[in-house]
Amino acid sequence: MSALFPLIDIPFTQRHTCWFCGEPCNAIFNYQAHHYTPHPSLSLPCCKECLSFASKAPLTSIWDCQMAVKDELMRRYAKHLAIGENWTEQELAESEFSCKVFEGFKKSAWFMYQVAKQRVSASGWPLSLNGVSLDASQYDLGFMFDGVNYTSISSAVEHYSNMLGLDKLFLQDLVTLVGRERFGYAVRICRINIASTKAVKRQVLADMSNELND
Ligand SMILES: [Zn+2]
């Protein structure tokens, strides 16, 4: 895939790096800004896995999207990350696993843990376009809704999807379309369509997108 929007500035040392997770990059993520987005549309280098997560959850800014990608990485690699929580490297080395199979496990398990840990804690370099930095410090990732503070819009989406049994991908699409100010509205539309087919949901998104563009 090629860059549809201006490519962010890439430091020389990061030129083959996924902006989301720090692994080698082999894809481009195109972030399309909406009427409420606090930065212009942009493209950035990423790995295929982060691309698939980011494409599903652009949400309300590239920084919210970054949080969503981290959340998904954490979910997907929960087992790998748990290795580091349950064992220290030394404990694992000194563990009683002695047969060949477990020897391999000990080495690969710690490696998997380290890779997963590095990926979820990578923070991406500060964003800039043609030398003009996009100021993330003014942007509050936290999100308050119905008297509850969420660390990110991504965690609010997760919470509401679980609590109300909503289609998370649909809710993400709706929030991306209307913006965080209208989160309640997105939840309502999602609830109304709780039994709708994929085709109907696609139509709802298309209609709303047209309305917003009118
Ligand atoms: Zn990545």
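User: Into which domains is the protein chain divided?
Analyst: This is a predicted model. The protein chain contains nine helices and six strands, and its C-alpha trace spans about 65 × 45 × 35 Å along the principal axes. The C-alpha centres of domain 1 and domain 2 lie 30 Å apart. The division is into domain 1 (12-62), domain 2 (78-120) and domain 3 (143-209).

User: What percentage of the residues in the protein chain are buried?
Analyst: The protein chain exposes about 12,100 Å², and carbon and sulfur atoms supply 55% of that area. A residue counts as buried at under 20% relative accessible area. Of the 214 residues, the buried share is 43%.

User: Is Cys50 buried or exposed, and at what relative accessible area?
Analyst: Cys50 lies in helix H1. Not counting residues up to four places away in sequence, Cys50 touches Cys18, Phe20, Cys21, Val69, Leu73 and Arg119. Cys50 is buried, with a relative accessible area of 0%.

User: Which element gives the most residues to the largest nonpolar core?
Analyst: This core has 30 residues, and Trp19, Phe20, Phe29, Leu44 and Ile62 touch the most other members. E1, strand E2 (42-46), H1, helix H2 (62-76) and helix H5 (100-121) each supply at least two residues. Domain 1 (12-62) and domain 2 (78-120) each provide at least three. The element that gives the most, with five residues, is H2.

User: How many residues are in the second, separate core?
Analyst: Leu44, a member of the largest nonpolar core, touches residues including Leu7, Trp19, Phe29, Ile62 and Leu127. The second core is separate and includes Ala57, Leu166, Val178 and Val204. Its size is 24 residues.

User: What covers the buried residues of H8?
Analyst: Helix H8 covers residues 183-192, and Phe183, Gly184, Ala186, Val187, Ile189 and Cys190 are buried in this helix. The cover includes strand E5 (143-145), helix H6 (153-164), helix H7 (168-178) and helix H9 (198-213).

User: Thr17 and Pro24 both lie in the segment before E1; what is the relative accessibility of each?
Analyst: Leaving aside neighbours within four places in sequence, Thr17 is in contact with Gly22, Glu23, Cys25, Pro45 and Trp125. With the same exclusion, Pro24 is in contact with His16, Cys18 and Cys47. Thr17 is buried, with a relative accessible area of 13%, whereas Pro24 counts as exposed, at 57%.

User: What separates the C-alpha atoms of Pro24 and Cys46?
Analyst: Pro24 lies in the segment before E1. Along the chain, Pro24 and Cys46 are 22 residues apart. Their C-alpha atoms are separated by 7.7 Å.

User: What is phi of Asn130, and where does this residue lie?
Analyst: Asn130 is exposed, with a relative accessible area of 71%. Its phi is a positive value in a residue other than glycine, near 50°. Asn130 lies in the loop between strand E3 (128-129) and strand E4 (132-133).

User: What is phi of Asp146?
Analyst: Asp146 lies in the loop between E5 and strand E6 (148-150). At 65% relative accessibility, Asp146 counts as exposed. Its phi is positive, near 55°.

Terms used:
Residues numbered from 1 in each chain as written. Predicted model: local features only at pLDDT ≥ 70, side-chain atom pairs only at ≥ 80, totals over all residues. Heavy atoms only, no water. Domains from an automatic or database assignment. Helix = DSSP H or I, 4+ residues; strand = E, 2+ residues; numbered from the N terminus. Buried < 20%, exposed > 50% of the residue type's maximum accessible area, 1.4 Å probe, protein only. Areas by Shrake-Rupley, 256 points an atom, 1.4 Å probe, with all protein chains shown as cover. Core = buried A, V, L, I, M, F, W, Y, C linked by side-chain atoms within 4.5 Å. Contact = heavy atoms within 4.5 Å.
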